[in-house]
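Hi there,

Here is the structure I promised to pass on to you. Have a look at it first, then read my notes below.

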Amino acid sequence: IRPPKLPAAPAPAGTLDTTDGVLRGRLLESLRPAGDYTALDVGGCVFERCVLTGAKLSGASFSDTRFAGCDFSGVDLTGAGFIRCTFTGCKAVGARLVEGYFHDVLLEDCNFSLSNWDGASIRALRMQKCGLRTANLTGCKLRAFDPGDADLTEASFFGTPLAGVDLRRACIDRLVVEGRELAGAIVTEPQAAQLARLLGLVIR
């Protein structure tokens, strides 16, 4: 995972509003923006303790950006892109990440339960101590996806090939799959037995 390329001292900004829809090298602290920020172009910024639940960010693009202690719960991020971004201590319960693009993204100590990633393109994404209970990761394209010790209880990977994905440290209780998605996934022996029962196999 390549880290964000951030300016040494980003200039403080009190709003997401710009004249041209482009935000560069800014520090945004404790903001509560509300409004339509569709296709906003953000680069080299730091968001700290921002509550974005009232913002529409579909089609927005974020590059070389760090999010710390932010709340994206319920936010519409359909088609949004994240390149070289980190999320630490963030919440995105029920966030809509449909058809998003995630490249070189790190999620640490985040709660993305009930989030919808349907059709997302994920390339080099790592999770640490994250919750994705009942999250929807259907029809996704995965490359270098590392869920780490994520809680994937009742998460749906229907139609998402998991070949090469290491699930050994993740919680995969009641994972929602058709079966073919699991081909090539890396699991422990107890997890294999758990998945077999999930698929209706009887082990004797």
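Ring pairs join Phe-47, Phe-62, Phe-67, Phe-72, Phe-82, Phe-87, Phe-102, Phe-112 and Trp-117 into a cluster. Two rings of Phe, Tyr or Trp (its six-membered ring) pair if their centres lie within 6.5 Å, and the pair is stacked when the planes are under 30 degrees apart, edge-to-face when over 60, and tilted for the rest. Before going further, please note that this is a predicted model, where local features need pLDDT of at least 70 and side-chain atom pairs count only at pLDDT 80 or more, while totals for chains, interfaces and linings use all residues. Residues are numbered from 1 along each chain as its sequence is written, and side-chain values use heavy atoms, with hydrogens and water left out.

In the whole structure, the search finds 13 aromatic pairs. One of them is Phe-67 with Phe-72, an edge-to-face pair with 5.2 Å from centre to centre and 75° between the planes. Both Phe-67 and Phe-72 are buried (buried means under 20% relative accessible area, exposed over 50%, and partly exposed in between, with a 1.4 Å probe and protein chains only). Phe-87 and Phe-112 are also edge-to-face, at 6.2 Å centre to centre and 85° between the planes. This pair links distant parts of the chain, 25 residues apart: Phe-87 belongs to strand E9, and Phe-112 to the loop between E10 and E11. Here helices (H or I, at least four residues) and strands (E, at least two) are DSSP runs, numbered from the N terminus. Phe-87 is buried at a relative accessible area of 4%, and Phe-112 is buried at 5%.

Next, the core. The largest nonpolar core holds 59 residues, and those with the most contacts inside it are Phe-47, Phe-62, Phe-82, Phe-87, Trp-117, Leu-132 and Leu-152. Strands E8 (61-68) and E9 (81-88), together with E10 and E11, are the elements that give two or more residues to this core. A nonpolar core is a set of buried Ala, Val, Leu, Ile, Met, Phe, Trp, Tyr and Cys residues joined through side-chain atoms within 4.5 Å. Leaving out residues up to four places away in sequence, Phe-82 touches several others (heavy atoms within 4.5 Å), among them Phe-62, Leu-77, Tyr-101 and His-103.

How do the strands line up? E10 pairs with strand E11 (residues 121-128) in the parallel sense over 7 bridges; two strands pair if DSSP finds at least two bridges between them. The bridge partner of Leu-107 is Met-127 in E11. E11 and E12 also run parallel, joined by 5 bridges, and Arg-123 stands opposite Arg-143 in E12.

Finally, the charged side chains. How many salt bridges are there? The count comes to 10, where a salt bridge is a side-chain nitrogen of Lys or Arg within 4 Å of a carboxyl oxygen of Asp or Glu. Asp-104 and Arg-2 form one, with their closest N and O atoms 2.6 Å apart. They are 102 residues apart, with Asp-104 in strand E10 (residues 101-108) and Arg-2 in the segment before strand E1 (11-12). Asp-104 is buried at 5%, whereas Arg-2 is partly exposed at 43%. Another salt bridge joins Glu-154 and Arg-174 (3.0 Å, N to O). Glu-29, Glu-48 and Arg-49 are linked in a network of salt bridges.

Enjoy exploring!
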